[in-house]
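Subject: Structure handover

Hello,

The structure is below, for your files. My notes on one helix and on the salt bridges follow.

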Amino acid sequence: MDKINGTIINENVAFADFKNHDGEVVSIAGYVHRIREMTGFAFIIIRTAKETIQCVYAPEFSDYRLDEKLCEEACVKVYGKVVSSKDAKGNDRYELQIHDIKILSLPAEQLPIVINKKQLDNIQLNTVLDLRPVSMRNPKERAIFKLQEGIARGFREFLMKNGFTEIRSPKINYAGAEGGTNVFKLDYFDKQVYLAQSPQLYKQALVGVFQRVFEIAPVFRAEHHDTSRHLNEYTSMDFEMGFINGFEDIMNMETGALKYIMNLLKTEYAEEVEILHADIPEITEIPAIKFMDAKKIIMEKFKYTPSDMKDFDPHEEELLGKYAKKEFNSDFIFITHYPSKKRPFYTMDDPADPEYTLSFDLLFRGLEITSGGQRIHDYHAQVEKMKKLGTNPEDFETYLMLHKYGAPPHGGLGIGLERLTMHLLGFKNVREATMFPRDINRVTP
Ligand code: AMO
């Protein structure tokens, strides 16, 4: 038997590398994106993993004979000579003069939608989502999720540079972490368990081990309503850090992470930013205002009467987004000191006024993208708060091991990846920024 030694042969050349192969014969692999037949020649556009490449077919240069067999979405390997020229602005342009085409596979059927335009034209979101495996082949749709990769990558890179350890918490849990009714119950042999609403209880436990931890993973919320900002499964970018001086440390870490992410998008995801016309925010500093001051602004400046003085409705978040832009020229605003009644049991109350908490939300262009704050680290204080909220501490025995056996002052946050992507790209619906959304009506594809 042959032995496998891990040799990786990159036999195909990436378009970005064409400049180093000018005049040479190279190969590329991908899908036939479009065929444009002209008199005596044809343009065959090949869609590779990253871009579309113009290839020129002329019978005099090619061993391959173009016929009706070659169609859009055929998988091919194309061999040809890299040819350079200048575009109207004098920039170098590269294309491939086809010498041969090897057909690797042909589609069984024609695509149900046209994907080879710059963007999907006039196709309803539901159809786009129904056909996700193929609608994502469209360059603009693909770019959304490449850019989303950049966000998660930036989050990971920044935190690793700052001494955080990546963790993997279980998604089958013995208790819901966030309270409320939006928890999925799971039939787990003879036991009642729940799908993780967040990695909250575990990331706190792991502060006791690694001091600074983060996780990027799916979480589950049994949202019973169909809104443009809620999913039943979303990707939560969480971190938790110990030995903090206050919850401002968490907000500073998040601000640093966001700056890093935006810079990464501008530099390494410039093509996607351009395709998507993404409006990447400039972040220097982010204003922070207290919850009750935010309520005052909503009532006095915007003359809007809130229906709930313990939380914000979506319209109030929008108004605060407008306020941040106008007063501070900022796309972001931290709202701090949320009322204790509306925050989960692990949240630390403000010693100066226990009606409020040492917690915050971050709004981005008028949408909540983050919740975070300082946690209770004293065992007795945590048990007492649980009892006050009607939560049985015995149900959280493993969680309370952190507190019982010593916990540093700590805190953290969770960012909704899809929500951040949604507002970065100016989408109206979070599903547009979700590869395979799960909502009350959708579990496929
Ligand atoms: P929270 O429940 O506020 O906090 O969630 C944190 C962030 O997750 C996003 N989010 C959602 N995104 C899409 N669909 C949903 N149904 C949904 N629900 C929430 C939002 C929100 O700001 N454990 C805490 C975080 C922490 O304190 O560390 C938590 O999960 O962007």
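In helix 5, the buried residues (under 20% relative accessible area, with exposed over 50% and partly exposed in between, 1.4 Å probe, protein chains only) are Ile250, Met251, Met253, Glu254, Thr255, Gly256, Ala257, Leu258, Ile261, Met262, Leu264 and Leu265. This is a predicted model, in which local features need pLDDT of at least 70 and side-chain atom pairs pLDDT 80 or more, while totals for chains, interfaces and linings use all residues. Residues are numbered from 1 along each chain as its sequence is written, and side-chain values use heavy atoms, without hydrogens and water.

Helices (H or I, at least four residues) and strands (E, at least two) are DSSP runs numbered from the N terminus.

Lys203 is in helix 4 (residues 200-210) and Asp238 in strand 11 (residues 233-242), so the bridge ties together parts 35 residues apart in sequence. Lys203 is buried at 2% relative accessibility, and Asp238 is buried at 4%.

Glu317 and Arg229 form another salt bridge, at 3.2 Å from N to O. Both Glu317 and Arg229 are buried.

Glu327 bridges to Lys301, with the closest N and O atoms 3.9 Å apart. Glu327 is partly exposed at 40% relative accessibility, and Lys301 is partly exposed at 48%.

Regards

Methods
Salt bridge = Lys/Arg side-chain N within 4 Å of Asp/Glu carboxyl O.
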